[in-house]
4 protein chains.
Amino acid sequence: MNDTIDKGVAFMDKEIAMLAEALEAKTIQRRRDLHKYPETGWTEYRTASLVIQELRALGYEVAVGKEVLQEESRMGVPEADVLAAHAKRAIEEGAAPDLVAQMEGGRTAVVGTLRFSRPGPVVALRFDMDCNDVAETAAAEHRPCQKGFSSIHPGLMHACGHDAHTSVGLGVAEILASLQEELAGTVKLIFQPAEEGTRGAKAIVDKGVVDDVQYMLGAHTGEAPAGSIACHVGHFLATSKFDAVFTGVPAHAGGAPECGKNAMMAAATAALNIQGISRHSQGASRVNVGVLTAGSGRNVIPGQALLKVETRGETSEIDDFVRTAAYRILQGAAQMYDIDVAITKAGGAASATNSPALSDRLERLGRRLGIFDNVVPSHALNGSEDFSYYMQRVQQKGGQAAFVIYGAAAAAPYHNSAFDIDEACLRKAMQFMASAAAELLREREKALLE
Amino acid sequence: MNDTIDKGVAFMDKEIAMLAEALEAKTIQRRRDLHKYPETGWTEYRTASLVIQELRALGYEVAVGKEVLQEESRMGVPEADVLAAHAKRAIEEGAAPDLVAQMEGGRTAVVGTLRFSRPGPVVALRFDMDCNDVAETAAAEHRPCQKGFSSIHPGLMHACGHDAHTSVGLGVAEILASLQEELAGTVKLIFQPAEEGTRGAKAIVDKGVVDDVQYMLGAHTGEAPAGSIACHVGHFLATSKFDAVFTGVPAHAGGAPECGKNAMMAAATAALNIQGISRHSQGASRVNVGVLTAGSGRNVIPGQALLKVETRGETSEIDDFVRTAAYRILQGAAQMYDIDVAITKAGGAASATNSPALSDRLERLGRRLGIFDNVVPSHALNGSEDFSYYMQRVQQKGGQAAFVIYGAAAAAPYHNSAFDIDEACLRKAMQFMASAAAELLREREKALLE
Amino acid sequence: MNDTIDKGVAFMDKEIAMLAEALEAKTIQRRRDLHKYPETGWTEYRTASLVIQELRALGYEVAVGKEVLQEESRMGVPEADVLAAHAKRAIEEGAAPDLVAQMEGGRTAVVGTLRFSRPGPVVALRFDMDCNDVAETAAAEHRPCQKGFSSIHPGLMHACGHDAHTSVGLGVAEILASLQEELAGTVKLIFQPAEEGTRGAKAIVDKGVVDDVQYMLGAHTGEAPAGSIACHVGHFLATSKFDAVFTGVPAHAGGAPECGKNAMMAAATAALNIQGISRHSQGASRVNVGVLTAGSGRNVIPGQALLKVETRGETSEIDDFVRTAAYRILQGAAQMYDIDVAITKAGGAASATNSPALSDRLERLGRRLGIFDNVVPSHALNGSEDFSYYMQRVQQKGGQAAFVIYGAAAAAPYHNSAFDIDEACLRKAMQFMASAAAELLREREKALLE
Amino acid sequence: MNDTIDKGVAFMDKEIAMLAEALEAKTIQRRRDLHKYPETGWTEYRTASLVIQELRALGYEVAVGKEVLQEESRMGVPEADVLAAHAKRAIEEGAAPDLVAQMEGGRTAVVGTLRFSRPGPVVALRFDMDCNDVAETAAAEHRPCQKGFSSIHPGLMHACGHDAHTSVGLGVAEILASLQEELAGTVKLIFQPAEEGTRGAKAIVDKGVVDDVQYMLGAHTGEAPAGSIACHVGHFLATSKFDAVFTGVPAHAGGAPECGKNAMMAAATAALNIQGISRHSQGASRVNVGVLTAGSGRNVIPGQALLKVETRGETSEIDDFVRTAAYRILQGAAQMYDIDVAITKAGGAASATNSPALSDRLERLGRRLGIFDNVVPSHALNGSEDFSYYMQRVQQKGGQAAFVIYGAAAAAPYHNSAFDIDEACLRKAMQFMASAAAELLREREKALLE
């Protein structure tokens, strides 16, 4: 792409700006609706139903559930009864029963595809839909309370901005559908479940959904004020998340302690030793036993224990080192007490970094659009995002991938009960993402012109 | 007492036998009613209301709640909202609202006193009323299911026979009231809450309820077949029960792990070291961390942890040694992580052993009555019972105390969801306890005669 | 045996008393010589050489080394170079080189047998010869210093009275040899190495040395004043002693910590968990990690670690329970760190208790001899003694065994650097042990007479 | 400085090259002498004596011992008897007794100062003298064995190249003394003890020795072939080294375990928790418990335990975080067992990085001299060097400091028993260091000329 803006580009930028402006009120409305009905990972039945209906109405081919999910790659899926209860609730709250049925069992992924008439690249955008397991504050000064759109689901809340992401995604879908005559190639809009806990992306990637993608885009709201954007994002930490259940033998602690096999001692030993896994000289690592519960009663030798663990690494190799050590510690602790341990994968993300060339293009776009007053030169994520799986796959296949952070002036820290965003970010994000996709979808055409 | 049975004794034995026979059906009925409506420690509102009404009807002076409980000695009292919910349920299930009000806030102790016209000793009997936190099996072969009296309270069950104890207690109350003309002195019937977790006795003893008692009797159903009885019971282990709550500082495990103060590591370290408290050369000891819960989420440095601990000792000194070591470990673990730990007493029992002279008398009685086919020479409890507090106090004041175990042919281990008793034990226990009390209450008279 | 003392008995008692008196000075002298040249377990070359020479001179058949040791049952044998150095030292200090050669490689057991002409029972006595790894005090008030017989071997000392035991044993040997005409049957005098750490008895028992024994006697000096004796000794704790060596991989702690496999973390984890092995409801148990050494340098991930562990149990079953748990913990800890652990048996003793009939006889003898002013009714050892292996074997074969404790008024606690005995105990012990053996060796004769 | 080489520079370079060539044989000889008589930290009596004599002969003012050491800042000084023994050995091996006396008690620092007649900057060079606690291999193929200069001190060896550093230092001293007419300002040659374990620099810096220094130079042999040099050295990790001694109460593990206060359990608990100290989000950290020894005997509750710990951080703040956490853990572990812990500082280094301007000058010099075939652009130390204390102080005072690594083709890894250097590096290092000092010492003159 040439930095000199050709007429087509100028025209397109302007058209998209107008479309985004026109969609702003509807997008805010949608975000508030999603905020009011938050759905946790793999239970986004109502959210996904809305997405499916909207995408179909706009003319997208829509693939759902098993069509876009590799079953065995799904991580941290809730129990069947929980899934069923949430599906029921979604229907009560307006989800279409047939669509919910199609997503039964926590298969809440949606991919909308639009093929333009002229040949061109395949561009994919990812939007995540799930909420957090956080109880929203009832404080009078909390804007969602004032405006009447705070969560009606106890213990659940959009405290990470995925309500914004999804509503922006639908706005982008509408803008791109309006530009059909002017674009080439194919666009795939991926509405992903279960990004929290990094549980959902792998199943979509493993299904091959992005195998043919040349350009992959993702975005997240950030803590900076609305009007800022960062296009060079790096330092996605690889992560592994897993649960370990020790099953020992309970016994009366007074009458026959020697008959017990103490699962708590195994768990406490494992926790201490996992915490002590060696640093790695090749880069940063992390390890955390976030939850430990053991035992059934004061006077019973604990027969059961659960640990929830996560590891991270600056590279996937470092994360592998830490995870492998943790698994071995769990197994050794079980052997110590002659008991069983079952380890279940609960989430994961790869290490990744933006493709520099694509970041450069996006940064130029960010400046060109004139809607961002602060184009941040670079941003180190220093956290984990399962968008990294898409990046990794697309980059391995020779494509380019980038993740951007757009300012949303969060009212409180992420995952906090008083979290809220400045809704002014929605139009900006919608306009930026649509412009970026449009530019990439006109690439071949431009190449011919030049 | 002389082994040669005088005529009065023979007559009394016979009269009590007849009364017990007459009361058998009613006692079985009561036990089933109590079994159906189990109430956990300090929430025995319905059970205690029935006891109060019954004792009053029989002519006993009845003292309730604060009158018989030293407030600050109560241990392991549930939260106020739990107490209120259980009080409400008790009223819905038939408890007299005014009586429930009298016991508000978990003050569910009842003491019925009958003063006979002639002077004589003070004899006390203890009956415990609370159930276990165990969910009763719904298995078709479980007799309470077949007969329709299994627990209707989810997660609660009489799996330790206290339903039998309380119904036997009411039967004994009726028998002794029928013998008013023939007895001397005073009888106190103590219906105690919260024996499970050894939480209730200390508050009654500290209030001075047994300070004037010369003979103290207690009893428990045992695993042997109905028809067996053990009168020489020893090896009550002293015990201490306490909770420890560590309060650290949570932090994001990926973004700022160094900002956390890890309460789980403190708790796991404490658990391992408490488990390793030294044996004692002067006698048996026990220690158990029965419950450990820590942390709020996989990716958060755990800011909170709870341990439920119990220690035991063959003597109170040994229990003190273990408990003191455990407290120090908890405090050291908190210091390690620069966090706070709050330790709360949750229960306790002293070490104790039956008064040999009283055990001998009871054993002779057991043989004399002709209703036991197996008089077991001795029984080591090897567990904890807060009846030990009564024993200790009465023995310290120069009186005698004894605890007997009567066979009840438990259908499954104690505290098991399929626990049940052979109801044939009820009449035998009622007859034995009433006969024992009657014999002791005629002591002075006999002394005069001899 | 009849309590009425027959003439033969009276005569024999008197004769032995005179012999003991005559031997007193020599026995004290011998004890001081042994005290000056203490030899630790399996290196008793000089001590055993003296014993061999003495026994041969008295007419005993003497079996040595491999003849009386089951090779593979020896535990805790020092390294070859240590053994060689001690053998060399023994020769320098007067041991006969040919005898030392016969005992090469730590085979320092000696059994002297005397067969009397008339048929009778086989009676065995055990005397232990090894010293402690304790440095003797140089304090002026310490009697061995004053009298010039304190240890000349740095770090080694008779601080457990085995110097007394061995010199008493030689006195008994001389007395019994003097009574050849009057005794029947066979006497075996077992001079055992390596009782400290309970390492030596098993190899002698496994060789079958006591398989034909009807009466087995052992003795130990006690803390009570000289003049007291206890013949009913019980509560020998079973014990297992073992070493564990973890072999990991060292690495530079700054440059490449992830390349290490941390043997210290495995060892520390094992130590904490071994300390926490459950109590046993069927009796007392003990567990101790007495020594832990790990690591080579501050800046090196520790590649090596050693633990020295001992377990005990009121019964051998309880000791088995604790030892098995400890082994499993060691193996689990090794697995945790992907390293090896090698466990080596270093000692052991069975649980045992005196044969009551034999204890009764010995107690009567103790009273009869008139040299003890305090016959203690019973003594609970509450420790471990590998004499238990002899007891167990003899009792299993239908014989009787007993261990007695004779007062020696220890000047300081056992195993203390200021330990010393009241040498007045030597004559009493010699007289008692010889009288007991003589009585048993005249049994058959007496039976014929009666 | 201008890259165009002025005539003076060219002349000086040539002169120094000739001097270095002339000194090569003597320098190799000295290095071999030092290699043969290695002295560990704070015992460099013989080495320092040679240095003092040499510097005095060359006309340097020499300050020794207390004159250049802040007493209380010395870390990890051996016990008095060890120091005395090494002083005695040094005299036996040729050290001047009066000089040894001056350095008594481990005060083995030497600073030689030469003041040139014209005014100019103060330039300091540091050379370290101590050896490692490593036993040198006796392998026939080891060059020091072949040439007869391998260590004659068992367990001690120059396995880190300090023998080279010191002999290079003496060569530099001689070269600079030869150039007196041509230089300005002042040069300080610091011969430092106890760099291993980073124990010696702080005491010299705290004494103020480098407070007036404008340019500070240090150097170390590296693994690369002789002929390579790196002038931009960074990533000196801050480090803290300390010992912790737990003092509990021993007790017989069988007879009275409850009387013990277990120092090993405290130590093992501390080790596990220290290993688990949290990572830091702001940079790399390290922690290692390198040595743990506890307990005195298998059957004794361990009354004593020792840990040797080191922490590191990419910044001094991170090292502080880890060390502070470790101290707290040690104290909490002591509290757990009601025992004492004494923590002693044993070494330390700051984080540091070369002054870029000085590194640039040195790199240009490296290229200019024509004796290095590989000028390495940058080198991350990723380890600790107490030269960082000098750097920090000089940089804080406004001066510049740099550390260079010159190739020495180590025959085996550092600290390995087969370590050796390619002695060809000696002349190159001597020439480079002298040229660098000379250039800096002519700076003011040049400034005047320009």
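Predicted model: local features only at pLDDT ≥ 70, side-chain atom pairs only at ≥ 80, totals over all residues.
Asp33(D) is partly exposed, with a relative accessible area of 25%. Its salt-bridge partner is Arg46(D), and the closest N and O atoms of the two are 2.9 Å apart. Asp33(D) sits in helix α1 of chain D, residues 7-36, and Arg46(D) in helix α2, residues 45-57, so the pair ties together parts that are 13 residues apart in sequence. Arg46(D), at 8% relative accessibility, counts as buried.

Next, another bridge in chain C. Arg393(C) pairs with Asp211(C), the closest N and O atoms being 2.8 Å apart. This one links distant parts of the chain: Arg393(C) is in helix α11, residues 387-396, while Asp211(C) is in the loop between α7 and β5, and 182 residues separate them. Asp211(C) is partly exposed, at 31% relative accessible area.

Over all chains, the count comes to 132 salt bridges. In chain A, some of them form a network, which links Arg31(A), Arg32(A), Arg143(A), Asp163(A), Asp420(A) and Glu423(A).

Staying with chain A, look at helix α11, residues 387-396. Seven of its ten residues are buried, so the helix is largely enclosed by the rest of the structure. Among the buried ones are Phe387(A), Tyr389(A), Tyr390(A) and Arg393(A). Just after this helix, Gly398(A) takes a positive phi of about 100°.

Last, the interface of chains D and B. How many residues of each chain are in contact? The contact involves 23 residues of chain D and 23 of chain B. About 1,800 Å² is buried between the two chains, and carbon and sulfur atoms give 51% of that. Glu258(D), Gln335(D) and Met336(D) supply 35% of the area that chain D buries here, more than any other three residues.

Two salt bridges cross this interface. The side chains of Arg328(D) and Asp338(B) meet in a salt bridge, at 3.7 Å from N to O. There are also ten residue pairs in polar contact across the interface. On the chain D side, α8 and α9 each supply at least two residues. The largest share, eight residues, comes from α9(D). By type, the chain D side divides into nine nonpolar, ten polar and four charged residues.

Methods
Residues numbered from 1 in each chain as written. Chains lettered and ligands numbered in written order. Heavy atoms only, no water. Contact = heavy atoms within 4.5 Å. Buried area = accessible area lost by both parts, 1.4 Å probe. Salt bridge = Lys/Arg side-chain N within 4 Å of Asp/Glu carboxyl O. Polar contact = N/O pair within 3.5 Å; in protein donor to acceptor, adjacent residues only side chain to side chain. Helix = DSSP H or I, 4+ residues; strand = E, 2+ residues; numbered from the N terminus. Nonpolar A, V, L, I, M, F, W, Y, C, P; charged D, E, K, R; others polar. Buried < 20%, exposed > 50% of the residue type's maximum accessible area, 1.4 Å probe, protein only.
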